[in-house]
Each structure stands twice: as structure tokens, then as C-alpha cells.
Amino acid sequence: LLLFIRAIMLEKTSIEIMGITVIEPVATVTDLLISFVCFYSFIVLKNHPYKKTSTIKLYRSYFLFMALATCYGGIVGHGFLYMFSFKWKLPGWILSMISVGLIERASIMHAKPLIPKNVGRFFAWLNIFEFLILLLIVIYSLNFIYVEAHAAYGFLIVLFTFELFIFIKTKDNGSKKILLAVIFAGLAAAVHIGKFNLHKWLNYIDLAHLLMIIGSVVLYYAVADMKLHEKK
């Protein structure tokens, strides 16, 4: 079975650099570009005016874990997966799920001063339970669709809803930009799920990654512009 999986992987687009084979090179490079944007955002946002608030700490943690997830995904999950079994994709998936859980919690904390305490507490606990349940399902099933489901819930439902609420209440420019970032995330998900291919060297994974790069840049500027209502 392992030899069969490796044979399938080697049939994908590949290049050879100094005798080393890299499969899905475009997916590898675009994943690493996402990682670079997220690492840069994590580092630069340490100088945010509200850096001591839990909201900014959580957004920075999101960028850190997403950087780790996409770096691992680019190298192990795409470029050199033929050297490993399929199960080696799992650490990257878990890191990605942690990052989504963190951005959900960041949006909840951002909205917390504007909503009743019991509502904020409910969503804070829901954030933990839905993450743990989907994490167990992903580990048991080894099916990426549940990782996508978790990302869709986190970005399209939790993040979008809370930041839209904040924007309506406060006209926060940061929240408005986050809504734009979520749109790019939604487009990336649609391209990935629909398997929209332009070319074998620019397939649905590559296109989704390109949209994620744009979305990550927009998200960085969104967090950088964010005004917070919790104490510093």
C-alpha cells in the first residue's frame, strides 16, 4: 500500500534539484509563502499598540501556528510526502486546526466587551468543545474534509459573524478588513473543494494557496489597524 501511495505521489508534477525530487513544487512554494507572511505578521505585531491585550496575543498566536502549519505542510505535506506515509500529513493538519481555534477565540475576545458576559462565556466554551470534537474526528478518520469543515466554521461563521457585529457597533476599520480577509479565505476554500484547475502546474491547491496568501496579507493589515475595547 505504501509503495502504491508513493507511486501515485510521484506521478504528480515534480522537479529535481541537485538530485533531490520535489513533488508539487508550486504547492510547496506557495505554502512556504503563506508561512513567510504569517511569521512576518507574528513578529511585527509584537509592536501593536494593544499588544498586551488577549485579543492581539491570540491573533499573533494564530499567525504563529498558521506559519508552522503551512511550513510543515509545504515541506512534508507536499514537497517530500513521497518519503513518508500519508499519516505524516496529520501534524500539519493539527497545527492548522489549532490556528483556526485561536482566531475564533481572538474574535470572541475582541467582541467580549460589546456582548453580555454569559454570551461571551458560552462561545468561549463552544470554541473549546468544537475544536476538541473535530480534532478527534480528524485523528481517527485521517480525512482532510474535517479540517476544511473546521476552517469553514471558524472563518465563515465565527470570525465573520463576530467581526461583522463589531464593525456594525464600532465601525472599526480593522474589523472591516477582516471581513475582506474572510472573503479571500472563502474563495480559497471554494477553489479547493471544487478542485478548480487552470493547469497541471497551477492546480486547485496552488490557486487556493495564492488566495490564502492575499487573505493573510489583508488579515495582517486588519489586525494592525484594529482598535480594541478591552483594557491594555
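Predicted model: local features only at pLDDT ≥ 70, side-chain atom pairs only at ≥ 80, totals over all residues.
Residues are numbered from 1 along each chain as its sequence is written, and side-chain values use heavy atoms, with hydrogens and water left out.

Is Ser107 buried or exposed? Ser107 counts as buried because its relative accessibility is 0%. Contact here means heavy atoms within 4.5 Å.

Now look at the helix around it. Helix 4 covers residues 90–111, which makes 22 residues. From first C-alpha to last, helix 4 reaches 32 Å, close to the 32 Å expected at 1.5 Å a residue; that expected span is 1.5 Å times one less than the number of residues. Helix 4 is also mostly covered, with 17 of its 22 residues buried.

Next, hop over to Arg60, whose place is in helix 3 (residues 54–79). Leaving out residues up to four places away in sequence, Arg60 touches Phe42, Ile43, Leu45 and Lys46. Take Phe42: Arg60 and Phe42 are 18 residues apart in sequence, yet their C-alpha atoms are 4.9 Å apart in space.

Time to zoom out. The chain has eight helices and two strands, and they come in the order α-β-β-α-α-α-α-α-α-α along the sequence. (Helices are DSSP runs of H or I with at least four residues, strands are runs of E with at least two, and both are numbered from the N terminus.) Among contacts between residues at least 6 apart in sequence, 73% join residues at least 24 apart.

What about the overall shape? The C-alpha atoms fill a box of roughly 55 × 30 × 30 Å, taken along the principal axes. A compact globule of 232 residues would have a radius of gyration near 17 Å, and the chain has 18 Å, which agrees. That radius is taken over C-alpha atoms, and the globule rule is 2.2 Å times the number of residues to the power 0.38. Finally, of the 232 residues, 45% count as buried.

Definitions and conventions:
Buried < 20%, exposed > 50% of the residue type's maximum accessible area, 1.4 Å probe, protein only.
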